[in-house]
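Please keep the sequence and the structure in view while reading.

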Amino acid sequence: MITDTTLKTNDLYFPGPIVSTESNPDFILFKCENQVQFRIQVLEDGLIRFRYTTNGIFEPDFSYAIDTKHAHVFTNMYFSEASDYFFIKTSLLLCRVAKKDARVTIYDRDEKIILEDELGFHWEEPYESGGNLIKMTKHATEGESFFGLGDKAAHLNMKGKKFENWSTDQYSYKKDQDPLYKVIPFYIGLHSKIAYGIFFDNTFRTSFDFCSSKKNITHFEAEGGEMNYYFLYGPQMQDVVVKYTHLTGKPELPPLWALGYHQCKWSYYPETKVREVTQTFRKLQIPCDAIYLDIDYMDGFRCFTWNKEYFPDPKQMVSDLATDGFKTIAIIDPGIKIDPNYIVYQEGLANDYFCHRADGPYMKGKVWPGFCHFPDFTNPDVRHWWMGLFQELISDIGIRGVWNDMNEPAVMEVPDKTFPLDVRHHYEGNPCSHRKAHNIYGMQMARATYHGVKRFAYPQRPFIITRSAYAGTQRYSSTWTGDNIASWEHLWIANVQMQRMSLSGMGFVGSDIGGFTEQPTPELYARWMQLGVFHPFCRTHSSGDHGEQEPWSFGDEVVDIVRKFVELRYRLLPYLYTMFWRYVNEGIPLLKPLVYFDQEDPHTYYRTDEFIFGEQILVCPILEPNVLGRRVYVPKGSWYNMWNAEKIEGGKEHWIATGFEEIPVLIKAGAVIPKYPVQQYVGQLAIDELTLDIYYKLGDEQTQVYEDAQDGYDYSKGHFSLLTFQVTGTEQKLHVELQNEGDFESSYNQFKINVIGLPFQATRVRIDEEEMFLESLQEPGSNALMVSKYFRILELY
């Protein structure tokens, strides 16, 4: 008789000894005596994929995260066997696999251990959910640091912390609260001044533990699916991030206007209010390129409709706003109101496009319109239908961008704030429950939206913003960090989140400037704007429940500060656009924490406040009230204070005094900083000169400046301009060489050159072969030099 009916669900299982191997063109297959099999696939010299199955059957090899346009083909791999181990060798790495327990150790070519399994792969077999709870534990070295994982609201260095990945509508989240909106299961380890990365491509609920539960042990696991992860070798952090970004994909270049300032609120309505806000921006001469319409523009919150009482003629309004330089962005949520008279609902119902529960009924949940059904964006037919719904908004009305919200997916008035786990999904022909599809739902909505907007906006470039995201979403959309709070703590969080997201491959990101919930003080709003203009996506957004949050809501002093910093962003647009060009083409992150900039310096490992904007600008925000300066850790090299040209040597902390109207901003010696004239919106002016601020350096420095038509796709046909400046400084001479690539002809014919920090009194200048007195090129009333954009060599001495 059976007397113990307790189901044991917490036993751990491990691979048995390896009994055989098979060499395939793409991978090495290892077979263990207890049916465990695993594949090791070398994709590049420094990129290795590991896949495990517990029953000898691998799942279909499909991933939403991996960019299929960038296939990895590798042949230069050596596989060998010894008495106790198998070895896989590339030009950069040695991978050792133990025969007795399948544990893996990875070495660099100098045979230093980079990463070593502790227990390695193991699993549980929970009765309640079925499938496996899969786990991986690895040794961490003493002093190892960890970075990444997307939008976590925690310290940049994750050592000693644990995190969960489950896309969650986390209203008014706090510091260290987890999980949040995005799921990016990628982290960077750094020890012995060597960086590596792990990308755990599993869409189930995952968790990561960085030496929190057990000293010097890292752990990651998933509540289902495969143990499928990628090892990315540096040794530089840049190498790791670039490999990851190439693996999961890069976005297309955004239109330049998308890099301007955006204004948003829940909600601007009726039409008279929208016009009042946009007209006030122009009246106060605060540059702005985009105005947002939240859910109140819709008829009863029905997506793809208009409230004709609030917006009687949306096409005319959008046209008038465009004439004044404003691009209109409209929100679209996933919930489709259950209404038999609503055409979008009718089409979804007729074609069976909505998600089902396990026993057949449609998934029904309450969001802004009331009870809704939800499209299954993991079905290609549904995405194609969704694409077509944008025709009226984009082609007919003239909306220039779309904002996807509530796509975690969020559901109101239920404990878990999302779909029940029994909801079924198509998953590209691999049917599954919501346990597997939850974390990619928002990504696939953004994907469908991107293709729809791109289709109807052509030949202009699309602009999409999404709240929820999985790894790889950067191919389709920009993002923001969700419903933050108007607090000094959240100003710190926003700064850290931007750096973390940039390291995690999704660089086109911003926060709600000033905070979404509660009301910022004038000082907090000003300080947030001073930081926000140095974030890739720059938008004020707020909940109308907490008061007004336009710049003029905080008094004249704040208006002046906002104008000063937004104008600075617009002046720096060619610098920012070049940052995006490098991100799109090379995978170089837009923002760089100090540890990324100099991983040789252990002082950078726990710095969170300072970051590098692009390649040559160091920004350090003011994150406390009532202070007029702060200590700044300046990394290696020579730098200049942007506001007063004071030279500062790096490698140590400095006190930098500022007023309320400034924050510490430093420029790297040798940099060439390009600047446009101030515009109220992108395209307002024909650019008749490009200002170049050249910061003297004793030594060499290279700067690139990318330009094109600022929208459209001619750049992909070679119609761009890439200027490369090589600056060399000696004790008595400044030498600048210029090379130009591409056939785009800019509208300006001359450079206005300002030289900062020259250690000698220059009297003469040589341009190409012609020598002349300095005064002959100086702009009247200033020391700036007016020089033809066609010069090749410029020397001051």
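Is Asp768 buried, partly exposed or exposed? With a relative accessible area of 30%, Asp768 is partly exposed, where buried means under 20% relative accessible area, exposed means over 50% and partly exposed lies in between, computed with a 1.4 Å probe and with protein chains only.

## Basis of the values

The model is predicted, and for that reason local features need pLDDT of at least 70 and side-chain atom pairs count only at pLDDT 80 or more, whereas totals for chains, interfaces and linings use all residues. Residues are numbered from 1 along each chain as its sequence is written, and side-chain values use heavy atoms, with hydrogens and water left out.

## Overall build

The protein chain contains twelve helices and 51 strands, both being DSSP runs numbered from the N terminus, with at least four residues of H or I for a helix and at least two of E for a strand. Its radius of gyration is 27 Å, close to the 28 Å that the globule rule gives for 797 residues, so the chain is as compact as a globular protein of that length; the radius is taken over C-alpha atoms, and the rule is 2.2 Å times the number of residues to the power 0.38. Along the principal axes, the C-alpha atoms fill a box of roughly 100 × 70 × 50 Å.

Of the contacts in the protein chain with a separation of 6 or more, 68% are between residues 24 or more positions apart, a contact meaning heavy atoms within 4.5 Å. As an example of a pair separated in space, Ala322 and Lys159 are 163 residues apart in sequence and 48 Å apart from C-alpha to C-alpha. Ala322 belongs to helix α3 (residues 314-323) and is partly exposed, at a relative accessible area of 47%.

## Surface and charge

Buried residues make up 62% of the 797 residues.

The chain has 78 positive and 107 negative charges, whose mean positions are 2 Å apart. Lys and Arg count as positive and Asp and Glu as negative, while His and the chain ends are not counted; each charge is placed at NZ of Lys, CZ of Arg, CG of Asp or CD of Glu.

## Cysteines

If a disulfide is taken as a pair of cysteine sulfur atoms within 2.5 Å, the count comes to zero. The sulfur of Cys32 lies 14 Å from the closest cysteine sulfur, which is in Cys95 and too far for a bond, and Cys32 is buried with a relative accessible area of 6%. For Cys288, the closest cysteine sulfur is in Cys538 at 9.3 Å, again too far for a bond, and Cys288 is buried at 0% relative accessibility.

## Backbone details

Most residues other than glycine have a negative phi, and most peptide bonds are trans. Asp768, in the loop between β48 (764-767) and β49 (770-773), has a positive phi near 55 degrees. Ala102 has a positive phi near 65 degrees in the loop between β7 (93-98) and β8 (104-108), and Ala102 is buried, with a relative accessible area of 4%.

The peptide bond from Asp178 to Pro179 is cis, with omega near 0 degrees, and Pro179 lies in the loop between β12 (162-165) and β13 (182-183). The bond from Gly234 to Pro235 is cis, with omega near 10 degrees, and Pro235 sits in the loop between β18 (227-233) and α1 (237-248).
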